[in-house]
Amino acid sequence: MLGADGLHSKVRQLAFGPEEQFIRHLGAYLTVFSTHNFLGLDNWQVWLNDDVATYCLYPVRDNTEMRATLGFRSEPIAYDHRDTEQQKALMTAGLEHVGWETPRLLEAMRQAPDFYFDSMAQIHMERWSTGRVALAGDAGYCPSPLSGQGTSLALVGAYVLAAELGRADGDHAAAFARYETRMRPFVGLNQALADKNAGGAPSEEAMDEAKNGIELDA
């Protein structure tokens, strides 16, 4: 079985245990949603940041719509991942002190059809496989949206895992071991882009070395 079911992976929970063992909170919560471009942004982004709150706004679809990314800094909060109204209330509480267009943005958030909310967090595990179960993407090594590398890691991980399974001639244990060997340096460097304890972004040379480690034979 392969688990590629996200940060709050049920496959990981069933195969490896509670999420709390693996999740590393990065000190913030984020929401993303779409609304009409009521700011009239013309191929231009707007950023706001204070000690607690932050957001980024940018136009899409020929400037007819706007994507809003709102966030606030916080220690871990206990909330229901299925309760979107509770999540909207948390985001409102985190940003309601901010002026300018924040009230309109929060109202647009409450009406948005594509509301998304979650913590900024990473997944760190000693291994990504157990028995006949393996993890890929955010389920095994979520770097958080702060890294900008979630999709890239998921695609590369799936590609490498599929290649190793194909080469292993039915020996899944060997395939899983090779997958981890090839992916771990690349995952570590990508997670470091968002990890506040990583000492800054990795060098281009280090990234190139990690990429070379996962290149597949033609």
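Predicted model: local features only at pLDDT ≥ 70, side-chain atom pairs only at ≥ 80, totals over all residues.

Biologist: OK. At what angle do α5 and α6 pack?

Modeller: About 155°, with the axes 8 Å apart. Helix α5 covers residues 150-167, and α6 covers 172-192.

Biologist: Parallel or antiparallel, then?

Modeller: Roughly antiparallel, because the angle is about 155° and angles over 145 degrees count that way.

Biologist: Is that crossing left-handed or right-handed?

Modeller: The α5 and α6 crossing is right-handed.

Biologist: Which residues in α5 meet α6?

Modeller: Among them are Leu153, Val156, Gly157, Val160 and Leu161. On the α6 side, the partners include Ala175, Phe176, Tyr179, Met183, Phe186 and Val187.

Biologist: What does the Gln191 side chain reach?

Modeller: Two backbone oxygens. One belongs to Ile123, at 2.9 Å. The other belongs to Cys142, at 3.2 Å.

Biologist: And which residues is Gln191 in contact with, neighbours in sequence aside?

Modeller: Gln122, Ile123 and His124, plus Tyr141, Cys142 and Pro143. That leaves out anything within four places in sequence.

Biologist: Now Gln149. Where does Gln149 lie?

Modeller: In the loop between α4 and α5. Gln149 is partly exposed, at 21% relative accessible area. Beyond four places in sequence, Gln149 touches Pro143, Asn190 and Leu193.

Biologist: What separation do the C-alpha atoms of Gln149 and Gln191 have?

Modeller: 8.0 Å, for two residues 42 apart along the chain.

Biologist: Switching topic. How many residues are in the largest nonpolar core?

Modeller: 24. Leu57, Leu70, Leu95, Leu105 and Phe117 have the most contacts inside it. The elements supplying at least two residues each are β2, β4, β5, α2 and α3.

Biologist: What does Leu95 touch?

Modeller: Setting aside residues up to four places away, Leu95 touches Ala53, Tyr55, Leu70, Gly71, Phe72, Thr102 and Leu106.

Biologist: Which residues does the second core include?

Modeller: Trp128, Ala136, Leu153 and Leu161 are among its 23 residues.

Methods: Residues numbered from 1 in each chain as written. Heavy atoms only, no water. Core = buried A, V, L, I, M, F, W, Y, C linked by side-chain atoms within 4.5 Å. Buried < 20%, exposed > 50% of the residue type's maximum accessible area, 1.4 Å probe, protein only. Helix = DSSP H or I, 4+ residues; strand = E, 2+ residues; numbered from the N terminus. Contact = heavy atoms within 4.5 Å. Polar contact = N/O pair within 3.5 Å; in protein donor to acceptor, adjacent residues only side chain to side chain. Axes fitted to C-alpha atoms, helices over the stretch in contact; angles between N-to-C directions. Parallel < 35°, antiparallel > 145°, perpendicular 65-115°, else oblique. Left-handed = near helix turned anticlockwise from the far one by under 90°.
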